[in-house]
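I opened the model to go through its sheets and its chain contact. My entries follow in the order in which I looked things up.

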2 protein chains.
Amino acid sequence: MENEVLIFGHKNPDTDSICSSMVHEILDRKNGWKTKAVRLGNINKETQYVLNYLGIEAPELIERVEEGQSVLLVDHNEFKQSVEGIEKAKIVSVTDHHKIANFETSEPLYYLAKPYGCTATILYEQFKNLGVEIEKTEAVLMASAIISDTLLLKSPTTTQYDRKALEELTPIADINIQQYGLEMLKAGTDLDDFSVEELIQIDAKEFEKNGVKFEIAQVNTVSIEDVLKREAQLKEVIQKTIDEKGLSLYVLAITDILNSNSEIIALGEKTGVIKVAFGKELVDDKAFLEGVVSRKKQLLPEIDQNI
Amino acid sequence: MENEVLIFGHKNPDTDSICSSMVHEILDRKNGWKTKAVRLGNINKETQYVLNYLGIEAPELIERVEEGQSVLLVDHNEFKQSVEGIEKAKIVSVTDHHKIANFETSEPLYYLAKPYGCTATILYEQFKNLGVEIEKTEAVLMASAIISDTLLLKSPTTTQYDRKALEELTPIADINIQQYGLEMLKAGTDLDDFSVEELIQIDAKEFEKNGVKFEIAQVNTVSIEDVLKREAQLKEVIQKTIDEKGLSLYVLAITDILNSNSEIIALGEKTGVIKVAFGKELVDDKAFLEGVVSRKKQLLPEIDQNI
């Protein structure tokens with residue numbers, strides 16, 4: 001893998017991280033530049049649905065990068081969410097839609113961030129700006145990422161740019177967005193095979209503010225009740241994670257993608273933040289947050305500002 | 001000034017910071033968005049040459065921003081180089097060509113960085129991408145910024161994109177680049193009116209790495225010897241700055257713009273870095289660095305990696 005420029009999204013990759021890495025590689029190739037999409041973790045069931053639909057393989061898994069390795073980051077910038085060794089890698093570019101934190105470089109770089117619902121929407125605009133043709137494969141990958149990150153355009157993170165991109169990608173992708181989208185999202189909510197350890201790691205992200213470390217995990221479901229059948233075990237594993245990583249707060253959001261609400265489980269010494277941030281007392285370490293479906297737009301900013 | 005979106009470059013503004021702020025405002029206006037260029041410090045003599053040439057006023061000076069003020073940063077991202085109050089401002093966008101450090105936001109934002117020689121070159125590409133017409137005023141402002149940051153395309157920071165931008169801006173600006181450029185650069189080297197306190201602040205930037213604070217200042221000249229006539233007083237003022245700001249290292253680069261070399265004066269407890277970074281022993285707190293003219297590309301990366 002030496003000398004190859006690697007593209008990857010965040011740890012615990014979601015559909016946007018995987019699809020945007022692959023789309024970035026396709027865009028680079030069409031521009032005559034050889035890069036390689038890789039991934040930092042297991043493919044989740046939602047993303048697997050997309051890959052199966054297209055009949056293509058997942059990017060290769062990597063665990064760390066060597067010093068000086070050239071890398072292109074998509075869908076993240078915080079080193080805590082990135083590959084082991086990122087501090088000594090050569091970050092050539094970042095394409096992202098998140099806030100910027102715990103990120104620094106020793107050299108100037110390309111950094112393209114827009115406050116959109118999805119990284120793939122930014123890549124879509126890059127295709128347009130560069131006048132590069134969008135074909136079916138990348139259209140399906142980008143559409144899937146947008147559907148995933150915006151929960152079929154229902155999340156408050158959705159912008160007019162995501163709507164426009166999805167609309168223009170639909171005929172090229174040649175899919176029925178509502179039908180394909182719901183099936184894809186539902187595929188991601190099938191949690192039966194997951195141990196509780198695996199379940200909280202499906203989409204967990206670690207953050208740090210002023211030396212205080214916290215983690216926010218999220219699982220999508222069509223039945224919050226169903227997930228809470230394993231409440232006791234979930235709390236046990238969350239407490240273990242807190243102890244092992246030295247976290248001050250762990251929030252697991254169990255998000256009902258059909259009704260757009262979340263039940264959260266919060267543990268750690270800083271759980272008082274939840275009351276301040278959302279005006280809800282934790283009962284049994286849990287709170288029901290009406291209308292909350294977005295970690296980036298709803299959970300993280302409130303927790304980050306109050307921790 | 002309330003409710004206005006403010007655009008500014010770094011403290012101790014150089015020609016790129018001032019011109020790019022003004023160009024950003026012009027681009028915004030042509031896109032139907034009302035913003036306002038301001039500045040964080042005095043106009044230097046080089047920039048004054050540009051403003052006089054165009055017969056236009058400098059942007060208004062501001063000293064701080066209120067909590068929640070919407071701001072657009074150009075030519076910098078590090079909070080240490082930005083306005084007082086930046087931590088609580090709403091950073092809507094950044095357009096920059098520096099490394100990223102000591103920067104964070106609590107919300108997603110627009111961030112456009114490219115590893116070019118000059119911010120104005122990135123803005124030039126924005127005009128092209130958005131299909132917005134470039135007129136004489138903004139052409140002169142962008143050309144001046146490029147000439148300043150690249151020392152008439154002779155600095156190692158110069159990229160093919162800066163060359164291309166300057167080439168394409170020249171006929172619109174309707175100037176003789178060599179003649180205008182040399183006069184502009186020379187105007188900036190007239191240091192006679194400056195006290196030593198003012199001299200080291202003409203273009204000083206503070207950096208921080210792992211809690212270690214250091215500052216690198218730079219003055220351009222056509223005679224290093226001339227500047228060194230005030231060596232003793234310069235060292236005195238530098239030492240005072242170190243004490244007041246708690247710096248571990250202060251480097252003043254006296255750059256000969258005609259021969260593309262720099263003499264540096266280095267003081268502070270971490271001066272050992274200079275030997276490691278450049279292979280030169282300090283003699284009398286000074287070292288002659290052949291071919292070194294760029295803080296961003298030559299001084300900062302080496303010092304930053306070794307401090």
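Which residue of strand 6 of chain B does Ala113(A) stand opposite? I found Tyr111(B) there.

**Ground rules.** I note that this is a predicted model, where local features need pLDDT of at least 70, side-chain atom pairs count only at pLDDT 80 or more, and totals for chains, interfaces and linings use all residues. Residues are numbered from 1 along each chain as its sequence is written, chains are lettered from A and ligands numbered from 1 in the order in which they are written, and side-chain values use heavy atoms, with hydrogens and water left out.

I looked up the pairing around Tyr111(B). Strand 6 (residues 110-113) of chain A and strand 6 of chain B run antiparallel and are joined by three bridges. Helices (H or I, at least four residues) and strands (E, at least two) are DSSP runs, numbered from the N terminus. Two strands count as paired if DSSP finds at least two bridges between them. In general, strands of a sheet pair through backbone hydrogen bonds, either parallel or antiparallel.

**Interface totals.** I then took the whole contact (heavy atoms within 4.5 Å). Chain A and chain B each put in 25 residues. The buried area between them is about 2,200 Å², and carbon and sulfur atoms give 57% of it. Buried area is the accessible area (1.4 Å probe) that two parts lose on being put together, summed over both. On the side of chain B, Ile100(B), Pro108(B) and Tyr110(B) lose the most area to chain A, together 26% of what that side buries.

Four residue pairs, both members at pLDDT 80 or more, are in polar contact across the interface. A polar contact is a pair of N or O atoms within 3.5 Å; within protein, one must be able to donate a hydrogen and the other to accept it, and residues adjacent in sequence count only if both atoms are side-chain atoms.

Strand 6 (110-113) and helix 11 of chain B are the elements that give two or more residues to the side of chain B touching chain A.

**Sheet of chain B.** I traced an open sheet of five strands, order 7-8-9-10-11, with mixed pairing. Strand 7 (204-209) and strand 11 (286-289) of chain B each have a single partner strand, so one side of each is left without a neighbour in the sheet. On average, neighbouring strands are turned by 20° against each other, direction ignored. Axes here are lines fitted to C-alpha atoms, for helices over the stretch in contact, and angles run from 0 to 180 degrees between N-to-C directions.

Strand 7 and strand 8 (residues 212-221) of chain B are antiparallel over six bridges, and Glu208(B) stands opposite Lys213(B). Helix 11 (residues 295-306) of chain B packs on this sheet and touches strands 7, 8, 9, 10 and 11 of chain B, its direction making about 155° with that of strand 8.

I checked strand 7 (residues 204-209) and strand 8 (residues 212-221) of chain A, which run antiparallel and are joined by six bridges. Ala204(A) stands opposite Ala217(A), and Lys205(A) has Ile216(A) as its bridge partner. The hairpin has two residues between the strands, and Asn210(A) takes a positive phi near 50°.

**One residue in chain B.** I ended with Ser70(B), in strand 4 (residues 70-74) of chain B. Ser70(B) and Val5(B) are 65 residues apart in sequence and 5.1 Å apart in space, C-alpha to C-alpha. Leaving out residues up to four places away in sequence, Ser70(B) touches Glu4(B), Val5(B), Leu6(B), Lys90(B) and Val92(B).
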